[in-house]
Amino acid sequence: MTPENLLYNKEHEWVNAEDNNAVIGITDYAQDALGDIVYVDLPQVGQQVKAGEAIGEIESVKSTAELHTPVSGKVVEINQQAIDSPEIVNEKPYDNGWLFKVELSNHSELDDLMKAQAYEKYTKEL
Amino acid sequence: MLKGTPLYDEERKLGARFTEFAGWELPLYYSSIIEEHVAVRNSCGLFDISHLGKIAVSGEATFSFLQSIATNDIAKIPPGSGEYTLFCNESGGVIDDDIVYRLADTSYLIITNAVPTMAMFNWLNEKKPDKVEVENLTDNFCLLALQGPNSPQVLQSIFKENPADYSHYTVRAITALGSKFTVSKSGYTGEEGFEILCEPAAAKSAWRAMLEYGIKPAGLGARDTLRLEMGYPLYGQDITIETNPVEAGLVRFVAVDKGEFIGRKSIFERIEKGASKKLAGFIIDRGIPRSGKTVLSTSGDEIGIVTSGGYSPVLRRGVGMAYVRSEFAEVGLPIEIEADKKQLKGHIAKRPFIDIRRPKASSAAS
């Protein structure tokens, strides 16, 4: 269920890092806890973001959650489909429901993130 | 300690997500709030609303007693029917808004909101004359709400009742599926629907029969978005002991001409004087308004507070209700609502927020 090729933080965001870029989204656990997602607010393309910072918002019918970036760098792309059809984040949180892409400024931040198994263990203890 | 309704195990088996409400552990949703909402608007949904209070009032003086404490005219209720009314204290504060059914000549049933059930029960006991009996049956009975345009068809198929025998707030005692049910044409969704009162064992068989028939179970989440989309006030949020029927916009449920009743004088004075704040509906351009947030005028002045906020799946917009200073309660007026890190733009809007196809929409109910 939790993809092995991704890295995770405690805010339930995932990172798919390849070379200098990292794609970021929220986990299945997060979308399930939020329920029907109806609004996604993402950072601007070109914006500099810092790991741990709240850079957007995800709103579901019942609650509002901050979106953080697990890594620092420059936002190079955002997923317009997630803005236009937020239900995609509920349906496919790990692929079509990705949220934004960052050009990494500090690769070592990836070492602070959890692997799939550790993240699963973390969610089970919540 | 939270209590579940007698259908708790059935709901858990269906994978319900539960939430705490008024001391009860109730299903918030089964699959998704939006899916359940849409099912009720387009076909049918089934809610377990057994947490609502059920208070029986009986005895020969019941009519005159209820007439002396309800704001609406209880004389309008023939046996086999019901009416929406408020119960107010001497200063016009709302103790509860309820449906009062007249099951037989001197036997009435009050369906209360969950939170003020005991407040209502105590109020009735405090005010009743000797020849009236008040009994709290909340835990003895279940209440199911079958809601949506297909509900008459379900009533016919499962309960063998002719939907044509029911008009707004009709209540009938029937036997079906080997059990006794008290069925009323009522609801809190704006759709055609029925509410079904019965003992727990009968509730289980009716619940199962309706699910097998293909009805979608729906939770408290959809119940709230459905009533919000209709702009129905919810007791505890939009109406409280601190608010009066004038500012809540519920004067049409106050029969000031019927004679003396508790709160009449205060309410009458408020009507004469006019309310300084009013409950108003609003629609937001983007984002979801949440209750408790401040309402601002376009020039940035605080003009009110949100009492109900949420998302309309039909409009795909945030909608809500707020008490705003009366001069701002004008349909079309632009407003802003504070959110965590931003201000949501919107405007005051008429209620219901959506077009209801049927000529007669249910009025507010518990």
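In this predicted model, strand β18 (residues 334-338) of chain B and β19(B) run antiparallel and are joined by five bridges. The link between β18(B) and β19(B) is a hairpin, made through four residues. One pair to look for is Pro334(B), whose bridge partner in β19(B) is His347(B).

Strand β19 (residues 343-349) of chain B also pairs with strand β14 (residues 277-284) of chain B, in the antiparallel sense and over four bridges. Here Phe282(B) has Ile348(B) of β19(B) as its bridge partner. As background, the strands of a sheet pair through backbone hydrogen bonds, and this pairing can be parallel or antiparallel.

The domain assignment divides chain B into domain 1 (8-50 + 141-230), domain 2 (52-138 + 244-273) and domain 3 (276-366). Taken over C-alpha atoms, the centres of domain 2 of chain B and domain 3 of chain B are separated by 29 Å.

Another part of chain B holds an open sheet of six strands, with mixed pairing and the order β10-β11-β12-β9-β3-β13. The edges of this sheet are taken by β10 (171-176) and β13 (216-218) of chain B; each has a single partner strand, so one side of each is left without a neighbour in the sheet. On average, and with direction ignored, neighbouring strands of the sheet are turned by 30 degrees against each other.

Within this sheet, strand β3 (residues 45-48) of chain B runs antiparallel to strand β9 (residues 142-147) of chain B, and four bridges join the two. Asp48(B) stands opposite Leu144(B) in β9(B). Helix α6 (residues 200-212) of chain B packs on the sheet, where it touches β3, β9, β11 (179-185), β12 (193-198) and β13 of chain B. The direction of helix α6 of chain B makes about 20 degrees with that of β9(B).

Finally, chain B meets chain A. Twelve residues from chain B and eight residues from chain A take part in the contact. On the side of chain B that touches chain A, at least two residues are supplied by each of α2 (33-42), α7 (220-230) and β16 (302-312) of chain B. The residues on this side of chain B comprise five nonpolar, five polar and two charged. In general, the size of an interface is often given as the accessible area lost when the parts come together.

Note on methods:
Residues numbered from 1 in each chain as written. Chains lettered and ligands numbered in written order. Predicted model: local features only at pLDDT ≥ 70, side-chain atom pairs only at ≥ 80, totals over all residues. Domains from an automatic or database assignment. Contact = placed C-beta atoms within 7 Å. Nonpolar A, V, L, I, M, F, W, Y, C, P; charged D, E, K, R; others polar. Pairing = 2+ DSSP bridges. Axes fitted to C-alpha atoms, helices over the stretch in contact; angles between N-to-C directions.
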